[in-house]
Amino acid sequence: MWFEDIEIGARRELGAYTFTQEEIIAFARAYDPQAFHIDPEAAKHSMFGGLIASGWHTASVWMKLMVAARDGGGAISSGVSPGFENMRWLKPVRPGMTLTYSTEVIEKRPLRSRPELGLIKSRNEARDESGELVFSFIGKGFVARKT
Amino acid sequence: MTLLHFEDFRAGQVYDCGAHEITKDEIVAFARAFDPQPQHLDEDAGQRSLLGGLAASGWQVCAIGMRLFADGLILKSANKGGSRVQECRWIKPVKPGDRLRLDAHVVETNISRSRPDVGFVTFEWRIYNQEEQVASVILTPILGRREPGGA
């Protein structure tokens with residue numbers, strides 16, 4: 001998909017993902033070994049009252065679903081991103097929870113410094129089984145221009 | 001061990017959180033699990049991309065930043081968790097063999113208006129490679145517990 005083909009307001013469901021306790025602990029042992037991410041017993045006595053996923057795990061699963069959606073056709077993912085803004089972890093993600101992720105294009109502009117590329121901004125969300133917002137951020141991606 | 005509390009942090013402080021050398025196997029394993037795009041899996045595909053060679057997923061760079069920040073600071077502090085990242089910039093591609101070092105800069109400290117027992121410490125993580133180039137910058141407020149009875 002080219003920069004010119006991308007429409008502001010285009011929204012796509014990226015699918016659902018269920019977080020298991022084993023995966024939550026494995027991710028956190030590698031990257032975020034705080035007690036409430038790796039130790040179910042200690043987590044009971046934390047402010048969260050139980051084991052919760054690292055926020056970076058919740059974010060990484062967004063990427064996983066985004067790549068799968070792109071490979072299936074449709075979702076925009078350029079492969080290269082300069083970063084993101086305003087990532088919010090609004091509710092804890094607990095073992096057994098299923099999150100449903102989505103992405104929506106909110107802004108596009110040509111890059112002055114790289115005329116062969118445009119910048120796309122997207123609003124990305126994950127919601128729980130009740131539809132409550134759990135996670136959100138504004139993503140950025142470079143997309144090739146036709147001209 | 002005495003834990004660091006909100007009162008111990010001052011704008012302008014810099015905490016050296018150590019370094020991690022990333023291997024090709026780590027890059028590929030993370031990419032297979034979370035970001036299976038060709039430039040994170042394959043050297044030739046990386047060469048053809050804007051990244052100029054096999055490079056780590058930006059999400060892995062964030063995760064490694066979290067690990068360094070945890071080992072270097074968070075596990076030594078009365079931390080109550082983070083809730084947000086204001087901004088993350090992926091500036092330089094991270095390649096196999098790169099040694100990533102994290103400095104955590106204290107940008108500002110604010111006492112919570114709604115909860116007087118906690119305060120926010122806003123950190124800027126600066127992740128450098130072995131050539132002292134900034135590979136990534138991440139701005140994140142962390143909720144810290146105030147010293148009991150502290151001013």
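A:Arg88 stands opposite B:Arg84, a residue in strand 3 of chain B. Strand 3 of chain B (residues 84-90) is joined to strand 2 of chain A by 5 bridges, and the two run antiparallel. Strands pair here if DSSP finds at least two bridges between them; strands (E, at least two residues) and helices (H or I, at least four) are DSSP runs numbered from the N terminus.

This is a predicted model, in which local features need pLDDT of at least 70, side-chain atom pairs count only at pLDDT 80 or more, and totals for chains, interfaces and linings use all residues. Residues are numbered from 1 along each chain as its sequence is written, while chains are lettered from A and ligands numbered from 1 in the order in which they are written.

The contact as a whole takes 25 residues from chain A and 28 residues from chain B, two residues being in contact if their C-beta atoms, placed from the backbone, lie within 7 Å. On the side of chain A, helix 4 gives the most, with 8 residues.

Helix 4 of chain A (residues 55-71) packs against helix 4 of chain B (residues 58-72) at an angle of about 170 degrees, with the axes 10 Å apart. The two helices are therefore roughly antiparallel, a term for angles over 145 degrees. A:Trp56, A:Ala59, A:Ser60 and A:Met63 meet B:Trp59, B:Cys62, B:Ala63 and B:Met66 there.

Chain A itself has 4 helices and 5 strands, in the order β-α-α-α-α-β-β-β-β along the sequence.

Terms used:
Axes are lines fitted to C-alpha atoms, for helices over the stretch in contact, and angles run from 0 to 180 degrees between N-to-C directions. Angles under 35 degrees count as roughly parallel, over 145 as roughly antiparallel, 65 to 115 as roughly perpendicular and the rest as oblique.
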